[in-house]
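Look at the model shown below before reading on. The notes after it are grouped by topic.

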Amino acid sequence: MASLRAGLRSLPTYLVVAPFAIVLAFPFYWMLMTMFKEDSDLYDVTHVPYVFNPIQWRFWESATTKHVSFIFEETNYPTWLLNTAIVGGLVVLITLVISAPAGYALARLSGRWGQGVGIAIFLVYLVPPTLLFLPLSRLVTELHLKDTLWSLILVYPSFTIPFSTWLLMGFFKTIPQELEDAALIDGCSRLKALRKIVFPVSLPGLLTVVIFTFTLCVNEFIYAFTFVSSSEVRTVSAGVPNDLIRGDVFFWQSLMAATLIPAIPLALLYNAFLDRFIKGFTGGAFR
Amino acid sequence: MVLVVGVPFFWAIYLSFTDAVGGSLSGNWVGFDNFTNAWQDENFRRAVRNTLIFTLASQAIVLVGAAVLSNLLVRDFRGKWFVRFLVILPWAAPVALSTIGWLWIFDSLFSVVNWTLKELHLVGAVCWMFGVEGCGAVNPPQWLGRSNMALVAVIIVNAWRILPFAVVIFIAGLASIPTEVDDAAKIDGATGVKKLWYVTLPLQLPIALVAVLFGIVFTAGEFAVVYILTQGGPFNSTQVLPTWAFQVGINSGSLGQGAAISLYLLPLLAVVTVFMLFFARRAQVS
């Protein structure tokens, strides 16, 4: 009875939230339906497109997985996923090595200077890749990195490092200086205090940075699109729009499978780390 | 960092003053020619106009949507985790890929939007709204094939993608309002809409502005959404500055000219940044 009343009280909330959630999530539902459809079902305007046709209770009997297995068996899609993982992994590593000390130093630097550098880093994050891709594409060619994953691995830190430093600065600010001082008084060396006290406490922050750096890499399009032109070295973001769309022929089921598969794990990760992200983001900016 | 952002940045400025073409690192100094030539081009002026429309319209949608949604998502209700998951999806999914999803939604023959409009007998109304002639249930609108509709489609997709981000920032802003304010408002008898209007919204304003300014920066520099949906077409009617810079700088190989075009983004970004720092500081003080 009590829970029913609670449910009724949030009825207005549901009524407003539901349309938003439906509109925002609809393209993903659409991808999910499309990827399992037979050609004869998909390309028939008399069919109700929201469900599998012919309509029946055992709806999976009107569906097929052949288009999903197609992209794994007949295309470079698995290679793209692997490339994305390699690029993402290495960029995360580079980003952590540079931005963790930088973020820590900025958080502990008090006064005008530290704040100034913090703002400068923030400004660098605001320079969009669309402004830099032309000179960078030349640079990449000159360094003979064109068409290699290294071009992406070396360029991506240009936007992941400012972003991560900014986030980590926020996290480190929330760790009280007294905690370190206490460790120093108890006879820890500066380094040991960092390793034993600061590192464990900031682990959630570092993990958040790992997740968001990785997703930024998966999301990136214009660099991946201009620096790499052979299919085998593409990442998912550039590979799917380039090589799965051939001329005017769209294999929609395979395309939708290819777009939905990376989205789901990323969204789950995002959702799990959202609260931490909010804290770090506002901790850096509004403190 | 100075190396990976600073060098290309100043190089972009240098290139924009030269006649460099694809395959070379530098060119002859041509002064402001690239900047003035860009203005001569009708496509460029259209790209500037589209960038402004695209940015402002999608941010207007985002602002309203995020204000409503964030105020509801801070409440507790059953299934909140799942709703939040659905809401965050567009921001978490790789943009180049989810835009392909929209490409299919706006398909010329099998568009689900058109199918639904047809079932609801609304095709005629939509055609009338966009001033499309000779279109109806038999000949449904081509969303990506007509210039005004394509621009609307691009704006919708971008707003759809930025909205979750704005919601997240808004929630952060709401969370930073101390509970004492709530209690004080309650004692003073402010409830419901009154409280929202006089207490919550004014307190939320600084961080809301930060979210919008971020959105402007992301949108003005957006490439993937426009490029994948329309490639700037039909007939360059949806070109924005980044896609036009790509068209000129990479496809036509006029590196210097392309760099000049993308640099036209700078004044816009500079204004936004000044505002952002101003409001970030104000939020810091209060």
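In H11(A), the helix axis kinks by about 55° at Leu203(A), shortly before the proline Pro204(A). The bend at a residue is the angle between axes fitted to the seven residues ending there and the seven starting there. Helices (H or I, at least four residues) and strands (E, at least two) are DSSP runs, numbered from the N terminus. This is a predicted model, in which local features need pLDDT of at least 70, side-chain atom pairs count only at pLDDT 80 or more, and totals for chains, interfaces and linings use all residues. Residues are numbered from 1 along each chain as its sequence is written, while chains are lettered from A and ligands numbered from 1 in the order in which they are written.

- Helix H11 of chain A covers residues 190–219, and its 30 residues have end C-alpha atoms only 38 Å apart.
- A straight helix would reach 44 Å at 1.5 Å a residue; the expected span is 1.5 Å times one less than the number of residues.
- Buried residues of H11(A) include Ala193(A), Ser202(A), Gly205(A), Phe212(A) and Asn219(A). A residue is buried if 20 or more other C-beta atoms lie within 10 Å of its own, exposed if 12 or fewer, and partly exposed in between, with C-beta atoms placed from the backbone.
- In chain B, H10(B) bends by about 50° at Leu205(B), and the proline Pro206(B) follows within four residues.

- Leu203(B) is found in helix H10 (residues 192–220) of chain B.
- Leu203(B) counts as partly exposed because it has 17 C-beta neighbours inside 10 Å.
- Not counting residues up to four places away in sequence, Leu203(B) touches Ile177(B) and Val181(B). Two residues are in contact if their C-beta atoms, placed from the backbone, lie within 7 Å.
- From C-alpha to C-alpha, Leu203(B) and Ile177(B) are 7.2 Å apart in space, and they are 26 residues apart in sequence.
- Ile171(B) lies in helix H8 (residues 147–175) of chain B and is buried, because 22 other C-beta atoms are within 10 Å.
- Ile171(B) touches Ile278(A) in chain A, as well as Ser70(B), Leu73(B) and Val74(B), not counting residues up to four places away in sequence.

**Positive phi values**

- Most residues other than glycine have a negative phi.
- Asp147(A) has a phi near 70°, a positive value in a residue other than glycine.
- Asp147(A) lies in the loop between H7 and helix H8 (149–155) of chain A and is partly exposed, because 16 other C-beta atoms are within 10 Å.
- Phe235(B) has a phi near 55°, which is also a positive value in a residue other than glycine.
- The loop between helix H11 (224–229) and helix H12 (241–251) of chain B holds Phe235(B), which is exposed, because 10 other C-beta atoms are within 10 Å.

**Domains of chain A**

- The domain assignment of chain A gives domain 1 (2–64) and domain 2 (75–285); such bounds come from an automatic or database domain assignment.
- The centres of domain 1 and domain 2 of chain A, taken over C-alpha atoms, are separated by 34 Å.
- Domain 1 of chain A puts seven residues into the contact, and domain 2 of chain A puts in seven residues.
- On the side of domain 1 of chain A that touches domain 2 of chain A, H2(A) gives the most, with five residues.

**Chain B as a whole**

- Chain B has 14 helices and zero strands.
- The C-alpha atoms of chain B fill a box of roughly 70 × 55 × 30 Å, taken along the principal axes.
- Of the 286 residues of chain B, 46% count as buried.

**Confidence**

- Chain B has a mean pLDDT of 81, and 92% of its residues reach 70 or more; pLDDT is the predictor's confidence in each residue, from 0 to 100.
- Among the elements of chain B, helix H1 (residues 2–16) has the lowest mean pLDDT (70) and helix H5 (residues 95–105) the highest (90).
- For the complex, the predictor gives an ipTM of 0.83 and a pTM of 0.85.
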